[in-house]
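Hi,

Here is the structure I said I would pass on. Have a look, and my notes follow below.

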Amino acid sequence: MIPGAELRLSRPADAGAPRPIRHALGAFLAALDVAPVIRADILVAVGEALANSVEHAYGHEPGAVEIYARVRDERMLLVDVLDGGRFIEREATPGRGLGLRIVHAIASAVQIDTVGGTRVSMAFDTAPRRRSGPRGQSLAT
Amino acid sequence: MSRQSSLCVVKLVGELDIGQRDEVAAALRLDDGDGPVLVDLGEVTYADSTVIGELLRFRNDAEARGRRIALLIGSPQFARLLQYAGLPEAFAVFDNRAAALTFLAGAGP
């Protein structure tokens with residue numbers, strides 16, 4: 001990891017936004033030599049925050065979703081997902097409401113600010129090691 | 001009298017997120033048969049909670065009709081996603097097609 005490296009992206013907040021943002025973040029993480037399994041987990045967590053944002057942020061109003069990723073130090077990566085809309089955890093159908101649970105299971109720390117829009121701030125430990133899964137399973141990374 | 005119940009196979013491929021929700025929902029439909037159901041995720045390269053939600057709905061539909069259902073995965077990533085979602089036991093998950101078919105050949109839902 002290269003301390004100070006950062007990635008900022010903004011896309012119209014529609015259902016097609018998460019994929020290209022994940023691809024760009026994936027390339028950024030690969031350039032930083034983040035291990036593939038950790039990279040995949042980070043993309044899942046950020047993808048859930050993006051999905052939540054594009055589904056609920058603006059209703060039918062146009063708006064943007066932004067990502068701000070930066071390397072804090074040799075092992076910690078910070079990623080914010082921001083929008084100008086309201087925050088609603090998805091729960092409409094079976095399986096919804098799982099997004100934030102997944103984010104919390106993967107990220108080392110999560111903070112959600114909902115003043116003037118929504119900012120989901122996530123911190124990820126990128127150091128390869130054996131981690132405990134959500135139910136105590138040992139997940140090889 | 002008995003007859004062989006035919007296997008219903010649904011195969012999903014590629015990167016599946018909220019942008020493909022309608023396509024995933026359309027693909028996860030039961031046929032008119034009464035055989036077991038195999039969902040082949042072996043070529044899925046990314047899946048999120050949108051996919052889990054649709055799979056839960058599909059599982060409920062299948063089990064309501066007394067049909068056994070199994071998921072076939074190609075990498076550990078989807079199994080980890082289920083763990084992160086707190087649903088490690090929600091599906092019978094296999095990384096081996098033969099093992100999945102053996103499970104589906106068993107009795108009961």
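To start with, where is the place of A:Ser53? A:Ser53 sits in helix 2 of chain A (helices are DSSP runs of H or I with at least four residues, numbered from the N terminus).

Before going on: this is a predicted model, where local features need pLDDT of at least 70 and side-chain atom pairs count only at pLDDT 80 or more, while totals for chains, interfaces and linings use all residues. Residues are numbered from 1 along each chain as its sequence is written, with chains lettered from A and ligands numbered from 1 in the order in which they are written.

Back to A:Ser53: this residue counts as buried because 29 other C-beta atoms lie within 10 Å (the cut-off is 20 or more within 10 Å of its own, with C-beta atoms placed from the backbone). Leaving out residues up to four places away in sequence, A:Ser53 touches A:Ala13, A:Val65, A:Val81, A:Asp83 and A:Thr118 (contact: C-beta atoms, placed from the backbone, within 7 Å).

Helix 2 (residues 36-56) of chain A also meets helix 3 (residues 99-106) of chain A: their axes come within 9 Å and cross at roughly 150° (axes are lines fitted to C-alpha atoms over the stretch in contact, and angles run from 0 to 180 degrees between N-to-C directions). Among the residues making that contact are A:Val44 and A:Glu48 of helix 2 of chain A and A:Ile102 of helix 3 of chain A.

Then there is the partner chain: 19 residues of chain B are in contact with 26 residues of chain A. Helix 2 of chain B gives the most to the side of chain B that touches chain A, with 6 residues.

Cheers

Terms used. Two residues are in contact if their C-beta atoms, placed from the backbone, lie within 7 Å. Helices (H or I, at least four residues) and strands (E, at least two) are DSSP runs, numbered from the N terminus. A residue is buried if 20 or more other C-beta atoms lie within 10 Å of its own, exposed if 12 or fewer, and partly exposed in between; C-beta atoms are placed from the backbone.
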